[in-house]
Amino acid sequence: MTTGTPPPTRPRRSRARTLLPLGVAAWLVLEIWLLTVVADAANGFTVLLILVAGAVLGAAVIKRAGRRAFRNLTETLQQMPGQPGAPATPAEPRSGSKGNGLLMLGGLLLLIPGLISDAAGLLLLLPPVRSVLGRYAERSLDRRMRAAAPGGISGAFQQARIHRPDGKVVQGEVIREDGTPARPRPDDGPGADRPPLIP
């Protein structure tokens with residue numbers, strides 16, 4: 001016996017997932033064209049030397065940033081409350097502890113063969129560029145988090161839905177600790193005020 005549940009609809013593809021492959025393809029074509037232009041202007045050995053120097057510098061930058069990140073993590077874990085010798089108040093983060101992610105990204109861009117990626121990687125090695133990009137990324141992430149969850153994270157899990165492999169939706173209800181059930185959502189349909197699943 002069928003329940004008349006409509007078949008699941010495919011989620012709409014986001015603009016980023018559509019444009020990302022096109023952007024990567026255009027970047028690869030531009031990198032290859034630029035390498036051929038530089039090889040014609042100078043020679044192939046010069047291009048090879050630039051690519052090898054970029055790879056060596058990128059590996060050194062990633063290794064240094066990884067060591068610094070590991071050292072910062074170790075120091076943070078040692079200063080956690082309850083650890084022997086930990087201070088009573090948490091210490092301020094050091095100025096060099098920020099920007100490790102952007103430094104590693106710069107090293108990765110240097111490792112990728114190509115002149116545009118090498119130029120972007122060299123830009124990320126400059127501390128002022130890293131600090132500006134870090135502040136911009138932090139503000140952007142903060143803005144998106146505030147826009148995504150106006151009621152907080154707990155409000156996002158008021159109504160639980162489990163999607164089964166056959167496309168049916170099993171609805172559940174989240175019970176708060178104070179015993180009041182979550183408000184029914186407008187798309188719940190008839191029977192939204194049914195009792196909770198757990199007595």
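How do H3 and H4 lie to each other, roughly parallel or roughly antiparallel? In this predicted model, H3 and H4 pack at an angle of about 155°, and they are therefore roughly antiparallel to each other. Angles over 145 degrees count as roughly antiparallel, those under 35 as roughly parallel, 65 to 115 as roughly perpendicular and the rest as oblique. Here is a short tour of the helices and how they meet.

**Ground rules**

- Residues are numbered from 1 along each chain as its sequence is written, and side-chain values use heavy atoms, leaving out hydrogens and water.
- As this is a predicted model, local features need pLDDT of at least 70 and side-chain atom pairs count only at pLDDT 80 or more, while totals for chains, interfaces and linings use all residues.

**The chain as a whole**

- The protein chain has six helices and two strands, and from the N terminus on the elements run α-α-α-α-α-α-β-β.
- Helices (H or I, at least four residues) and strands (E, at least two) are DSSP runs, numbered from the N terminus.
- Of the 199 residues of the protein chain, 15% count as buried; buried means under 20% relative accessible area, exposed over 50%, and partly exposed in between (1.4 Å probe, protein chains only).
- Among contacts (heavy atoms within 4.5 Å) between residues at least 6 apart in sequence, 50% join residues at least 24 apart.

**H3 with H4**

- Helix H3 covers residues 100-111 and helix H4 residues 115-124, and their axes are 7 Å apart.
- Axes are lines fitted to C-alpha atoms, for helices over the stretch in contact, and angles run from 0 to 180 degrees between N-to-C directions.
- From H3, the contact takes in Leu-102, Leu-103, Leu-105, Gly-106, Leu-109 and Leu-110; from H4 come Ser-117, Asp-118, Ala-120, Gly-121, Leu-122 and Leu-124.
- These contact residues divide into eight nonpolar, three polar and one charged.
- For that count, Ala, Val, Leu, Ile, Met, Phe, Trp, Tyr, Cys and Pro are nonpolar, Asp, Glu, Lys and Arg are charged, and the others, Gly among them, are polar.

**H3 and its residue Asn-100**

- H3 has 12 residues and reaches 16 Å from its first C-alpha to its last, close to the 16 Å expected at 1.5 Å a residue; the expected span is 1.5 Å times one less than the number of residues.
- Asn-100 lies in H3 and is buried, with a relative accessible area of 9%.
- Other buried residues of H3 include Leu-103, Gly-106 and Leu-110.
- Not counting residues up to four places away in sequence, Asn-100 touches Ala-65, Arg-68, Ala-69 and Asn-72.
- Asn-100 and Ile-62 are 38 residues apart in sequence, yet 9.2 Å apart in space, C-alpha to C-alpha.

**H2 and its partners**

- The buried residues of H2 are Val-47, Gly-54, Gly-58, Val-61, Ala-65, Arg-68 and Asn-72, and they pack against H1 (15-41), H3 and H4.
- H1 and H2 pack at an angle of about 130° with their axes 7 Å apart, which makes H1 oblique to H2.
- In this pairing, Leu-35, Val-38 and Ala-39 of H1 meet Gly-44, Val-47 and Leu-51 of H2.
- H2 and H4 pack at an angle of about 40°, with their axes 11 Å apart.
- Ile-50, Leu-51, Gly-54 and Leu-57 of H2 make this contact with Leu-115, Asp-118 and Leu-122 of H4, a set of five nonpolar, one polar and one charged.
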